[in-house]
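Thank you all for making time this morning. I would like to walk slowly through a few residues, and I ask you to keep the picture in view while I speak.

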Amino acid sequence: MALKVKVLDKYCKSCGYCVHFCPKHVLEIGKTRNAIGAFYPVAANLEACIGCGICATMCPDAALEIREEEDHA
């Protein structure tokens, strides 16, 4: 099991802090809007995620979680 980022899109306001502060460049702003019209981030490079939690810490809207996921290696 490994810790990985999970985006909770319904809470995101698209500030971009999670994308900016991720040390492994896991996240990028996606092309889909949520219910409030914000383009929310997607894990474009999830295999690079080290589960550090910086993205979740920086998010002012608690729109990210770090969860245990099975390794597919």
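I begin with I50, which counts as exposed because its relative accessibility is 52% and the cut-off for exposed is over 50%. Please bear in mind throughout that this is a predicted model. I50 sits in the loop that runs between β3 and α2, the latter covering residues 54-58. If we set aside its neighbours within four places in sequence, I50 is in contact with L3 and K24. From I50 to C22 the C-alpha to C-alpha distance is 10.0 Å, while along the sequence these two are 28 residues apart.

Now let us turn to K4, which is found in strand β1, made of residues 2-7. Is K4 buried or exposed? K4 is buried, because its relative accessible area is 13% and buried means under 20%. Not counting residues up to four places away in sequence, K4 touches L46, E47, C49, E65, I66, R67 and E69.

Finally, N34 belongs to the loop between β2 (27-33) and β3 (39-43), and N34 is buried, with a relative accessible area of 9%. Which backbone atom lies 2.8 Å from a polar atom of the side chain of N34? That atom is the backbone oxygen of C12, and the backbone nitrogen of I36 lies 3.1 Å from a polar atom of the N34 side chain. Leaving aside neighbours within four places in sequence, the contacts of N34 are D9, K10, C12 and Y40.

Technical notes:
Residues numbered from 1 in each chain as written. Predicted model: local features only at pLDDT ≥ 70, side-chain atom pairs only at ≥ 80, totals over all residues. Heavy atoms only, no water. Helix = DSSP H or I, 4+ residues; strand = E, 2+ residues; numbered from the N terminus. Buried < 20%, exposed > 50% of the residue type's maximum accessible area, 1.4 Å probe, protein only. Contact = heavy atoms within 4.5 Å. Polar contact = N/O pair within 3.5 Å; in protein donor to acceptor, adjacent residues only side chain to side chain.
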